[in-house]
Amino acid sequence: MSKAVNKNVTELIDVLSGLAQVMRSCCRDEAFCEGVTFHQFMILDAVAREKELHMADLHQFLAVEKSTTTRLVNPLIAKGLLKREAAIHDLRAAKLVLTEKGNEIHQKILACLAGFFQRVMGKMPARKRTAMLESVKLFISSMKKSANGGNGCC
């Protein structure tokens, strides 16, 4: 491996390590806002964006086992934030819909996150914000495409 490639690989490892560290602080299995964990917020947000979301689609979105998805969804249903309904196309399949309370909590968390991310963006030079967001999106897309097929990174 050439020195330039080796330097890029080392820098990417450092970036992934840094991202993992900051994501661990966000993604703990403890509530971060309104009694909801970050993973649970991701579910609320996905359902809010789609208006209704089939469990099978949620498994793919979260990239976790079905049992993990169920473990994350059940407390949201118990809190009255989501409701599970039978899918029209297959009565054995379930779809998720936000309740009125779920929509309110989703909006409160969005406002909280907006404030946090405004502070994050405020620490970046204004002229680099758009390029940074585009680069992160490209990086995520490239990682997903490279890991497609379940082979992971190695």
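Q: Why is alanine 86 called partly exposed?
A: Its relative accessibility is 43%. Buried means under 20% relative accessible area, exposed means over 50%, and partly exposed covers what lies in between (1.4 Å probe, protein chains only). The value of 43% for alanine 86 falls in between, so the residue counts as partly exposed.

Q: What kind of model do these values come from, and how are residues numbered?
A: This is a predicted model, in which local features need pLDDT of at least 70, side-chain atom pairs count only at pLDDT 80 or more, and totals for chains, interfaces and linings use all residues. Residues are numbered from 1 along each chain as its sequence is written, and side-chain values use heavy atoms, with hydrogens and water left out.

Q: Where does alanine 86 lie, and what is the separation between its C-alpha atom and that of leucine 96?
A: Alanine 86 belongs to strand β2 (residues 82–86). Helices (H or I, at least four residues) and strands (E, at least two) are DSSP runs, numbered from the N terminus. The C-alpha atoms of alanine 86 and leucine 96 are separated by 8.8 Å, the two residues being 10 residues apart along the chain.

Q: What makes up the chain as a whole?
A: The chain has six helices and three strands, which run α-α-β-α-α-β-β-α-α from the N terminus on. Of its 154 residues, 23% are buried.

Q: How do we know whether phenylalanine 38 and phenylalanine 41 are buried or exposed?
A: Phenylalanine 38 has 16% relative accessibility and therefore counts as buried. Phenylalanine 41, at 6%, also counts as buried.

Q: What kind of pair do phenylalanine 116 and phenylalanine 117 form?
A: Their ring centres lie 5.1 Å apart, with 65 degrees between the planes, and the pair is edge-to-face. Phenylalanine 116 is partly exposed at 35% relative accessibility, and phenylalanine 117 is partly exposed at 44%.

Q: What makes up the largest nonpolar core?
A: It has 24 residues, and those with the most contacts inside it are Ile43, Leu44, Leu58 and Leu82. A nonpolar core is a set of buried Ala, Val, Leu, Ile, Met, Phe, Trp, Tyr and Cys residues joined through side-chain atoms within 4.5 Å. The elements giving two or more residues to the core are α2, α3 (55–62), α4 (66–78), β3 (94–98) and α5 (100–122). Helix α2 provides the largest share, seven residues.

Q: Which residues does isoleucine 43 touch?
A: Residues up to four places away in sequence are not counted; isoleucine 43 touches Leu58, Leu62, Leu72, Val73, Leu76 and Leu82. Contact means heavy atoms within 4.5 Å.

Q: Why is α2 called oblique to α3?
A: The two helices pack at an angle of about 125 degrees, with their axes 11 Å apart. Angles under 35 degrees count as roughly parallel, over 145 as roughly antiparallel, 65 to 115 as roughly perpendicular and the rest as oblique. Axes are lines fitted to C-alpha atoms, for helices over the stretch in contact, and angles run from 0 to 180 degrees between N-to-C directions. The angle of about 125 degrees falls among the rest, so α2 is oblique to α3. Met42, Ile43 and Ala46 in α2 meet Leu58, Phe61 and Leu62 in α3.

Q: What makes α3 roughly perpendicular to α4?
A: Their packing angle is about 105 degrees, and their axes are 9 Å apart. That angle makes α3 roughly perpendicular to α4. On the α3 side, the contact is made by Met55, Leu58, His59 and Leu62, and on the α4 side by Lys66, Thr69, Thr70, Leu72 and Val73.

Q: Why is histidine 106 called buried?
A: Histidine 106, placed in helix α5, has 3% relative accessibility and so counts as buried. Apart from residues up to four places away in sequence, histidine 106 touches Phe41, Leu44, Asp45 and Ala48.

Conventions: Rings of Phe, Tyr and Trp (its six-membered ring) pair if their centres lie within 6.5 Å; planes under 30 degrees apart count as stacked, over 60 as edge-to-face and the rest as tilted.
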